[in-house]
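Thank you all for coming.

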Amino acid sequence: MKDLYLNMNTNLMTENIRQDRMCASMCQLDITKDLANKKTVNDNSWFAFGRFEAEPEHYINFLFHIMGMKVPVLGLVYQSLVTVFDEKTGYYYAKDYLNKKSKAVVHEDDFYLKVPNGSMAGNWDNMKIIVDEGEFHLNVEASAIHYPVLMAANSVFDMCNMCIHEFSVPRMRIKGTMTAGGRTYDITDKGFIWFDRQWQNINYVKSTMKWTWISISLDNGEIYSIFDTNLTGWEDNIMAVLCPNGAQINLRHFNPLAAQEKEYWISPKSKQKYPVKWELDIKELDLQLSIVPIKKEQEIVSALGELNKYEGCCTVEGVRDGNPVKGTALVELIGHWKK
């Protein structure tokens, strides 16, 4: 899968988004300008994660998420969270902070975010991501390659009584270093960063948020982004499949993820009951996938209980169009997952 993307022309990514695409509409957003903070909404999210081969057959995952939220009583706060998962040793670290507005620097006219434990800045051709959290340090420059994933074909869709604006750039080539477990690794071209940008207005008083997001990278070059919710009165889902040639397949109202959950884990800290195995059967795509977290205990416990969530690095294997496939996934479970 690595060779499919490293040979692509990095400099064409920002131009590609303005081109018409097979099975995908023109994007309704400005993918470059919309990296910057949107002050007209009360929820802004910037989300980066990656899986790097630190040494041969030694993979380390990281996640860095900054979210600006205008919440009752607290006002504007910036959540910043970091997770690190070493697949070889089983080491897992998760830390969540709620930073006051005065502790963050956020630009409105360009892409620049800085919180106490890290920063994101730049553009698609040269994005700088720095994480400085405990014993984990990340210092990389990333450049986007291939096409972005445009949910609902144009990056605007409704779910959970919200109008959501969201797109992902799932392949960002990297150069730089990572320090984990007391060792520093050169991770240049040793993996990719998946970058997600999202914003919406949330009713924090009445919200009963509960959704699943699954990002999947298969060894046939296909990339999947899936949103699903089974809130009472709002059962819905949406999927985008990015093909190696740039074509995008868009689905909605397919077999719900809730109907395909096979195992559960109850967190001893939050008492939330999270699904930890999925057997996907998407007949529209002739797709059957088994998705299983590498380690069940991948919950992020927040200082604000409503923000507890699960971010699980997973293995994937199954069949697509009659051919065996393997891959990796990140599963995000947000909201009220009480048993």
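Which residues line the largest cavity? Before I answer, please keep in mind that this is a predicted model, in which local features need pLDDT of at least 70 and side-chain atom pairs count only at pLDDT 80 or more, while totals for chains, interfaces and linings use all residues. Residues are numbered from 1 along each chain as its sequence is written, and side-chain values use heavy atoms, with hydrogens and water left out.

The residues that line the largest cavity are Asn61, Phe62, Leu63, Thr83, Phe85, Tyr92, Gln298, Glu311, Cys313 and Leu330. A cavity here is a set of points, on a 1 Å grid over the protein atoms alone, where a 1.4 Å probe fits but cannot get out, and lining residues have an atom within 4 Å of a point. The structure holds one cavity of 30 Å³ or more, and the space in the largest cavity is about 30 Å³, where a volume is the space filled by probe spheres set on the points, which are joined across faces, edges and corners. Its lining has six nonpolar, three polar and one charged residues, with Ala, Val, Leu, Ile, Met, Phe, Trp, Tyr, Cys and Pro counted as nonpolar, Asp, Glu, Lys and Arg as charged, and the others, Gly among them, as polar. Strand β2 gives the most to this lining, with three residues.

Let me step back to the whole chain. Its secondary structure comes to two helices and 24 strands, where helices (H or I, at least four residues) and strands (E, at least two) are DSSP runs numbered from the N terminus. The radius of gyration, taken over C-alpha atoms, is 19 Å, which agrees with the value near 20 Å that a compact globule of 339 residues would have; the globule rule is 2.2 Å times the number of residues to the power 0.38. Buried residues make up 56% of the 339, buried meaning under 20% relative accessible area, exposed over 50%, and partly exposed in between, with a 1.4 Å probe and protein chains only.

Now to strand β1, residues 43-55, where ten of the 13 residues are buried. β1 pairs with β2 (residues 58-71) in the antiparallel sense over twelve bridges, and with β14 (residues 191-200), again in the antiparallel sense, over ten bridges; two strands pair if DSSP finds at least two bridges between them. On the β2 side, Glu53 stands opposite Tyr59, whereas in β14 the bridge partner of Ala48 is Phe195.

Finally, a word on backbone angles. Most residues other than glycine have a negative phi. In the hairpin of β1 and β2, however, Glu57 takes a positive phi near 65 degrees. Val73, in the loop between β2 and β3, has a phi near 70 degrees and is exposed, with a relative accessible area of 90%. Asp321, in the loop between β23 and β24, has a phi near 55 degrees and counts as partly exposed at 47% relative accessibility.

Notes: 1 Å grid on protein atoms, 1.4 Å probe; cavity = no way out; pocket = protein on both sides within 12 Å on 5 of 7 lines; lining within 4 Å.
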